[in-house]
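Hi,

Here is the structure I promised to pass on.

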Amino acid sequence: MAADSDPESEVFEITDFTTASEWERFISRVEEVLNDWKLIGCRVGKPPQKGEFTSGSWEETSQEINFADFKFTITHHYLKQETAENESRDEPEEDAFPLAMQDLLCMNNDFPPRAHCLVRWYGVREFLVISPGANCEAIISESKCNLLLSSVSIALANTGCQVPLFVQIQQKWRRMYSGECQGSGIRTDFEMVHLRKVPSQYNHLSGLLDVFKNKIGCPLTPLPPINISIRFTYVLQDWQQCSWPQQPPDFDALLAGEVGGVEFGKLPFGACEDPISELHLSTTWPNLTEGIVVDNDVYSDLDPLQAPHWSVRVRKADNPQCLLGEFLMEFFKLCCRKETTEEILGRNSVEEEGKDNSDITQALSKLTEPTAVPIPKLSVSNMVHSARKRIRRHRRIEESPLSNDVLNSILLYLFPDASVDKSDSSDVKSTQQNTGGNTEQEKQSEDYHLYNQLKSAPADSLTSRLALCICMVNFYHGGVRAVAHLWQEFVLEMRYRWENNCLIYGLSSGAPDLRCCLLHQKLQMLNCCIERKRARDTGRKSEGGREKNRLAPDTAGPPAAEVSPGKSWDSWSDSEEEFFECLSDTEEMKEAETESDKKAANKGKAEGRLQPHGKLTLLNSQEPLYIPVTQEPAPMTEDLLEEQSEVLAKLGTSAEGAHLRARMQSACLLSDMESFKAANPGCSLEDFVRWYSPRDYIEEVVTDESGQIVVQGDLSARMKIPGNMWVEAWETAKATPARRQKRLFDDTKEAEKVLHYLAVQKPADLTRHLLPCVLHAALIKVKEEESTEDILSVRKALQQVTAHASKLLRHPNPDFKKLEDVINQMTVVEAVIACARSLRAKFGIANAERGGDCEDLERFVSGLLEDPEVCVIGAGRSPAGNIIHKLFISSQRLADGSDEAALLAPADEESMRVGGTDDRKPVPDFPPPAGREILLRTCVPRPAPYSKALPQRLFCVLMREDFRLAGAFSSDTTFF
């Protein structure tokens, strides 16, 4: 009793049969998606235009749904059509067919070349597909397929959706779909059959007609006419009869070292193999009826030459081997290398060279020797530095990645001035002004200034030529070891030119161009150092000559030792304190004075005048105001500017930091003030501001005490701020001409910094520096090649590639993965141009024999490149049709292989078609079709004679290892 009275014993399980099952939840979820996408009710639309399935815009929307724990994806595919306002307002007719059923009978888009498979098989413009999720298994069992179809049917009936809904069943590679479309009292069932082999009884039109008639089971006699559309596709794969026009590079000449500037200045281009792998010819017979054509197991009327419509598409080779693409990719791979130049070439040469120079006293004596400044004759032999000779002496010939012939050819290409004998500086200057042989027209062209976008270097500059040479030796002469060898020689060449005052050929004069890559800026900086050093040495020689001429006539003058008791000219040139670069007037050097006498005399004497500054006079006297000879500001590369900015930023925002920052930035201002004081004795700060910053000197017209109108000037408000840096600098500035001031730009120090920077660059670093130059040269090459072909898609692709590369290369640390994508895009463009040349060669456009047909063939070839499929106007009787016919005949004769000699000799069309005059079986003009597509359509009442006449459709695909029947069969459900 105690147990019975326990309240827990009275609890029992209750099953609620009103709870929705997983199947019902799935149906509800499908209905919810259909409502969200607004696919409910009857839809109105105009019939699709001819070719609209290919040229129109297709869009799709996807969403995930679950059946228990099994994931599905439902996708809405639809053709985006422009609907007029009056059409959108029309009310749909009560008994109107759904749009999908109307599309079943539409003939405007049979066999679209590019569309979803369901669009091709059923001709629908809008449909839904439920397919298993990405990682889910296929729906193979029949019970699961029926369950899904039942769910689809219930969801369509509940919502009133008239868009056909398909379910993907079986394995995905089979592309098997089953579906349904419901309307007002009508329904269309979409069914499919897929087999590996074509049954013999259905291998022709008559057998497929029997299948269609039996399936629709029309009770009417006679049966309504069946509309037939047929397409046979023939594949041409053998191109041996067409020579591939691409000329491969002369590898033997390159490997043998027979190279010159012309070879090194050119990038390879083109495909090494025919980029066109197949040509597909589709012959179409549209809108036939059953009695017009005969096609059975015994006889067929379907002759491709008699087909009214021909269309052609080409299949391109997968990843054809392109020369420029491989060239760029091999160079790009160097970016991932981590070895240094010493690790690649070995340290023996460096160590042995160190042993030769182990005596430190020799190095010190060499530093204290007076510097000679001869300008020797430049040639390939004597421009090689002594260090290079030592390295070659210690390196065995077989260990050198580059032979002497190849290396000399490269150096001659990089430095053409080495082959010209020069005896004076004027020749060097004239050569230097020619920065690579570019004409004014070339400099103004868009391609020449492409370096500004890509941050590379001007075309045909030294940096650009170096990039091409690095590419060449990397691809043809030993990879990274050859690159390291060439770079080592290049650095030695730079040091030789610095030590011997030889300007670097192929670089524009002036300060480094910050629009270019950093390596180009460094070379320009080195060139600036050489120019300053040459100017200083030239001034020293001329000054020494004047000193000698001044002392020689006067024997009673002071001895030579008393002329310059302080520092000699040589010591002045190398001093860190003062330098002699800007020359003073010759009148000032006529009197022989000691250095101390000069300083005393120059206190009241003007020095370093350039020219009068208009009609301005000094405020404190009536002396003219002279513009002084000033030092040029120090040139800087972008990395030096960045370092300077970081140093200035680290000083902080305190008053002391701001003051120190202002002093660091006023070095050039102080130098100009000292030069101005030397050129204008007795001047004031106001005089300096009138020349240096006229806006900071404000003049006003006032009336003085006597009533006369006078002009009075005063400094601006910012110049009167207490602690102004200009006032402080003016007070500390001494009257010193520019030639006696401390150098603002220490060319010796900066040159050594540049040479050290070049010497420590690894091959990977060098590749990153030169990659913009290589891409620049490649883009110019592609544009040159495209200009001969005139391909619209290539021009658009080049604009996109240029914009993409410019965006990446302007970044300080570009994403190399994205740069690899840029190279791949350029390879695709190269392949398209190669395809254009291949097609032009195959269709004989390059030959002038075509005459008036050439324009038609040009348009035809352009269409093959731009469009997925091109219609041959005139079918087999057109010029393009005749060429295609002959190509197939030649391929058939080649495949037959019975008459090798005939393949090489041209034959007329009739003899080729009959296969000759011998007793052998004639070779057919065309091979057996690779694919046959037959489309059957009719409109009959189903399932009873008194039912509505509804569209019926059967799409048949017959291939060697694929047989597919895709049927759409409609029935009247009003009484059934």
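Before the notes, one term: a residue is called buried when its relative accessible area is under 20%, exposed when over 50%, and partly exposed in between, using a 1.4 Å probe and protein chains only. Helices (H or I, at least four residues) and strands (E, at least two) are DSSP runs, numbered from the N terminus.

This is a predicted model, so local features need pLDDT of at least 70, side-chain atom pairs count only at pLDDT 80 or more, and totals for chains, interfaces and linings use all residues. Residues are numbered from 1 along each chain as its sequence is written, and side-chain values use heavy atoms, with hydrogens and water left out.

Confidence comes next. pLDDT is the predictor's confidence in each residue, from 0 to 100. The protein chain has a mean of 78, with 74% of its residues at 70 or more. In residues 250-262 the pLDDT is below 50, and that stretch has 14 contacts beyond near neighbours in sequence (contact means heavy atoms within 4.5 Å). Residues 348-361 also stay under 50, with ten contacts beyond four places in sequence. Where pLDDT is low, the predicted coordinates should not be read in detail.

Now to helix H32, residues 792-809. Buried in H32 are Val794, Leu798, Val801, Thr802, Ala805, Ser806, Leu808 and Leu809. They sit on the same side of the helix, because they cover an arc of only 160 degrees around the axis (the arc is that of the directions from the helix axis to the C-beta atoms). On the other side, Gln799, Gln800 and Lys807 are exposed. The cover over the buried residues includes helix H18 (450-454), helix H31 (763-787) and helix H33 (816-842).

Valine 794 belongs to H32 and has a relative accessible area of 2%, so it counts as buried. Apart from neighbours within four places in sequence, valine 794 is in contact with Glu786, Val829, Val832 and Ile833. Its C-alpha atom is 9.4 Å from that of valine 828, which is 34 residues away along the chain.

Helix H30 (residues 747-759) can be read in a similar way. Its buried residues are Asp747, Glu750, Ala751, Val754, Leu755, Tyr757 and Leu758. These cover an arc of only 160 degrees around the axis, which puts them on the same side of H30. Lys749 and His756 are exposed on the face turned away from that buried side.

On to the strands, where two count as paired if DSSP finds at least two bridges between them. Strand E8 (residues 276-288) is mostly covered, with ten of its 13 residues buried. E8 pairs antiparallel with strand E7 (residues 227-236) over eight bridges, and isoleucine 230 stands opposite tryptophan 285 in E8. Another eight bridges join E8 to strand E9 (residues 309-316), again antiparallel, with serine 282 opposite serine 311 in E9.

What about the cysteines? A disulfide is a pair of cysteine sulfur atoms within 2.5 Å, and by that rule the count is zero. Cysteine 42 is partly exposed at 32% relative accessibility, and cysteine 668 is partly exposed at 27%.

Cheers
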